[in-house]
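Dear colleague,

I am passing this structure on to you and would be glad if you read through it with the notes below.

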Amino acid sequence: MSVSLRLAASGAISALALLAGLSAPAVAQDAATIAAAERVRDAALADNIALDYVTQLTTRFGPRPAGSSSETAAAEWAAGYMREHGFKNVRIQEFPLVGWERGEESAAIVGANPQRLVVAALGHSPGTPEGGIEAEVVRFTSLEDFQAVPDGSLAGKIAYVDAGQMVPMQTGAGYGPLTRIRGAGPGVAGQKGALAFIMRSAGSDQHRMPHTGTTRYVNGVVPVPAFALSAPDADQLSRLIGYGEPVRIHLSSTAHTYQTTSRNVIGDLPGRTRPEEIIVLGSHMDSWDLGTGAIDDGAGGAITIGAARAIADQGRTARTIRVILYGSEEVAQPTNTGNGGGAYLRSLSPEDLANHVFTGESDFGADRVYALQLPAGAQTGTFADAANRVLYPIGVLRSSEPETEGGADIGPIVQAGVPVFGLLQDGLRYFDLHHTADDTLDKIDPEQLNQNVAAWAGLIWLAADSDVDFRALAPGKTAP
């Protein structure tokens, strides 16, 4: 059944919402609360500010690397945008950061038949010496094989890990194994004595557009220059090595780090009767520098701002809804101070933290939401039934699996005990675009974006205008 047909089937319930209005808060499964959530959902599906926000963000500021002047300017603008759309107590929370600039990069196979390779330096990796690096390539097909060679055995060589192409999946499950290689690879290369590290980029596409992404610091540094090869170039290099003859490549990068600051942008829709109880909707402001950060993660900010504004258009909820556009999500740091999620957590007193009752993060593009994961202990019961009643008509199914982690931004408060939900998005094409020059506004489907906003708005209305205590729930108990 199409989304439009499911909405038509739920028209009678939506009509009840119009008659019932926005009643006083009660438990989330009350008929009036459900009807109000359906009304919010339908209004958001028809019209919201999400596309306007992400269009202005990506057009006005383009890419927004963490700590860059464009991230700073975008944060100031976003704070003004939130004020303009009725958010209260809007503030910018600044924190120190080691920034990184890409500079210029190049790679080429050298020898009798030279060929240019398309690469992207990996985030926070150092530049090469002036004039670049030229050396023979040693190929590995897994991180484990790479880790197993003796320390120092790759002296004077360039280490290359080609673990194969990522397979597109709705959940994006194939990404994790490749990010392990990207994060650990430069450190292993340094341990083995290699001059540099290259890898097949972590993406599911076959385009000649490499996927950048952050590396990992080892004892305060990224040990060697590190690069991602586009998929066709990784294929080419692996074939050449497979012929059994030595392959030499030349790498050059002017990347460098610098001291700077990043910032979180925070805005509230204060609760009507229990304003001290806070629901955090998270995404991140920073992006990589190759595209304009539309799906990663301008879309997430658009969805959460759009959902909160759609709720406010229908009335005030009992609890406070807080939207946070986090800074510095994309990059690793030499210490644990340079990330927006950690900076936000450190700003909270124990009492403040205890008043954070629910949180979720949008950081997987703008394609449709297909499933809802609730905190452990809340997957069944009357709240879950109410959420299913509100979300099923727009194609969102209740999952029997709990959400336990959230994303990188809300992760710190989740680890500190804040209950977390997940609205799972279709990721089949996300890693075709992720961290590439192709992450641009035209990749956002407005209809699917609206479905995201509607799902968030309906669910958050249920949670924010109810007295459900997710902290008190435990696996095996029935939700109130």
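At the start of helix α15, a side-chain oxygen of D445 comes to within 2.9 Å of the backbone nitrogen of E447, a polar contact being a pair of N or O atoms within 3.5 Å, where within protein one must be able to donate a hydrogen and the other to accept it, and where residues adjacent in sequence count only if both atoms are side-chain atoms. Helices (H or I, at least four residues) and strands (E, at least two) are DSSP runs, numbered from the N terminus. Helix α15 covers residues 446-464, and its 19 residues reach 26 Å from the first C-alpha to the last, close to the 27 Å expected at 1.5 Å a residue, the expected span being 1.5 Å times one less than the number of residues. Because 16 of its 19 residues are buried, α15 is largely enclosed by the rest of the structure; buried means under 20% relative accessible area, exposed over 50%, and partly exposed in between, with a 1.4 Å probe and protein chains only.

Please keep in mind that this is a predicted model, in which local features need pLDDT of at least 70 and side-chain atom pairs count only at pLDDT 80 or more, while totals for chains, interfaces and linings use all residues. Residues are numbered from 1 along each chain as its sequence is written, and side-chain values use heavy atoms, with hydrogens and water left out.

Next comes the sheet. Five strands form an open sheet in the order β1-β10-β12-β11-β13, with mixed pairing, where two strands pair if DSSP finds at least two bridges between them. The edges are held by β1 (88-101) and β13 (356-361), each with a single partner strand, so one side of each is left without a neighbour in the sheet. On average, neighbouring strands of this sheet are turned by 20° against each other, direction ignored. Strand β1 pairs with β10 (residues 256-269) in the antiparallel sense over 12 bridges, and K88 stands opposite D268 in β10.

Two helices lie across these strands. Helix α5 (residues 69-84) lies across β1, β10 and β12 and runs at about 5° to β10, whereas α9 lies across β10, β11 (274-284) and β12 and runs at about 150° to β11. Contact means heavy atoms within 4.5 Å, and the axes are lines fitted to C-alpha atoms, for helices over the stretch in contact, with angles from 0 to 180 degrees between N-to-C directions. D297 is placed in α9 (residues 294-314), and the peptide bond that leads from D296 to D297 is cis, with omega near 5°.

Both of these aspartates are touched by H284, whose contacts beyond four places in sequence also include Y326, E330 and D409. H284 is part of strand β11 and counts as buried, because its relative accessibility is 2%. Its side chain makes polar contacts with the side chains of E329, at 3.1 Å, and of D363, at 3.3 Å.

Finally, two residues other than glycine have a positive phi. For H124 the value is about 75°; H124 sits in the loop between β4 (119-121) and β5 (133-140) and is buried, with a relative accessible area of 3%. For S328 the value is about 55°; S328 lies in the loop between β12 (319-326) and α10 (340-346).

With best regards
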